[in-house]
Amino acid sequence: MKAHVSTFALALGLVVAPAARGAGGFGAPVVVTGLDLGEPGIDVASDGTIYVNAPAGLLSNLPGSPSFVFRSDDGGATWAPTPPGGRANLPGGGDSDLSVDPATGTLYMTDLWLGSATVSRSTDRGASWLANPLEGVVVQDRQWVASAGGGNVYHATHQIPLGLVVSKSAAPADGLVYPVSTVAATPVDQTGCVCPPGNLTAEPGTDPLGSGDRVGLVYATSAGGIKFARSTNGAISFTNVPVSAPSSADTTQAFPVLASAGNDTLHAVWLEVFGTASSRVRYARSTDWGASWTVPATLVSAGTSVYPWVAARGSKVSVTLYHTDAGGTPDTAAEGSQWFETYLESTDGGTSFSPLAIIDSVPVKSGPICTEGIDCSGDRELLDFQSVTLDGAGRANAVWTRSIDGVSDTEIRFARQ
């Protein structure tokens, strides 16, 4: 539940032209669900099972308000909701996130209800769940979960007044109890920004107990910058590293997002907004697991963009975002402007990117997109992100929200390369 408060690039020339229609190599879009949901997250297990999660709405039903998990067993051609099981009568619905153990396929979920988050685990592809309504950190906002494998699971959230907090869970209570918490970034690190973090990543170390796990969190600052909180000791301690220097841009209107490509390589994307005049999508990469970053490059500057997401595997980097050819900013886009789910990719590790391509010819929305979170009075039916992931075959799997009536009636759509 986002609460918004207020010469590498030159060499690469990564400014992308206005969107080209019908490219990107994606198949026909499929409707995952016609329920009025948004903010879909997507994960693909090693066996090819695809999962999409989406929040149900904060405490939308009582006594329980579990968020949704949809599953596809046929490459995204058809989708079915999974039963909430042990989550059914527990609070949630504010924000949701899902992570899949890369080896076992165990699902780990977090479901926000502000007082804390309901955390849960499924070992049978979402057919049943064990759950705990108290993750541990109290008074939460915008939480994420990431599995490093081997039963080591990490949970990140924004907690006032501490800042961005990362908690660790280990077997046998993996995903259900997070007894150890560390402040990854303080309000000072955020330069006073009272804003939620971008997503979380975790990778295994050599110690099966997780003491060498690498855990990282990307976040925006109130000074127009982007930072990365990195840990190489299983979230016991963190170092905060600049990804993008302070600037005149507002970097808080969308979550910055990062992805690991393996071999110590990370890729990050974020949105920069300049007053009511323009926006652009920026990109940087790290080859030493976040200890240093390339000079940011501009991926998209034409038209108006919002909510970029990134996925990576090996030398492939996939980026999806909502885009309109109309000028301005997300909040000031003209009433008649049409937004589309769009895509660009790199096959050389981020050195160069393809032109921006429209995945779905059906617009996701017309008119402005409010990025003020819970302060929005309208134009927020897409909520705060769409997402993409890469499967074991290296295909991009994208999921996004489409507004049907321009107010609250939505559907979640999916397409795969």
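The exercises below are about a predicted model.

**Exercise 1.** Find out whether His158 is buried or exposed, and where it sits.

*Solution.* Start with the location: His158 belongs to strand E12, which covers residues 152-159. Next, check the accessibility. The cut-off for buried is under 20%, and His158 comes in at 6%, so it counts as buried. Finally, look at who surrounds it: leaving out residues up to four places away in sequence, His158 touches Val139, Gln140 and Asp141, among others, and also Pro196 and Pro197.

**Exercise 2.** Work out which backbone oxygen lies 2.7 Å from a polar side-chain atom of Ser169.

*Solution.* First place the residue: Ser169 is in strand E13, residues 163-169. Its relative accessibility is 0%, so Ser169 is buried. Now go through its contacts beyond four places in sequence; they include Gly151, Asp174 and Val177. Val177 is the one you want: its backbone oxygen is 2.7 Å from a polar atom of the Ser169 side chain.

**Exercise 3.** Say which residues have the most contacts inside the largest nonpolar core.

*Solution.* This core has 57 residues, and the answer is Val166, Leu200 and Leu299. Its largest share, six residues, comes from strand E23 (residues 304-313). A second, separate core has 13 residues, including Trp289 and Trp293. Back to Val166: among the residues it touches beyond four places in sequence are Leu200, Val215 and Phe238.

How values were computed: Residues are numbered from 1 along each chain as its sequence is written. This is a predicted model: local features need pLDDT of at least 70, side-chain atom pairs count only at pLDDT 80 or more; totals for chains, interfaces and linings use all residues. Side-chain values use heavy atoms; hydrogens and water are left out. A nonpolar core is a set of buried Ala, Val, Leu, Ile, Met, Phe, Trp, Tyr and Cys residues joined through side-chain atoms within 4.5 Å. Buried means under 20% relative accessible area, exposed over 50%, partly exposed in between (1.4 Å probe, protein chains only). Helices (H or I, at least four residues) and strands (E, at least two) are DSSP runs, numbered from the N terminus. Contact means heavy atoms within 4.5 Å. A polar contact is a pair of N or O atoms within 3.5 Å; within protein, one must be able to donate a hydrogen and the other to accept it, and residues adjacent in sequence count only if both atoms are side-chain atoms.
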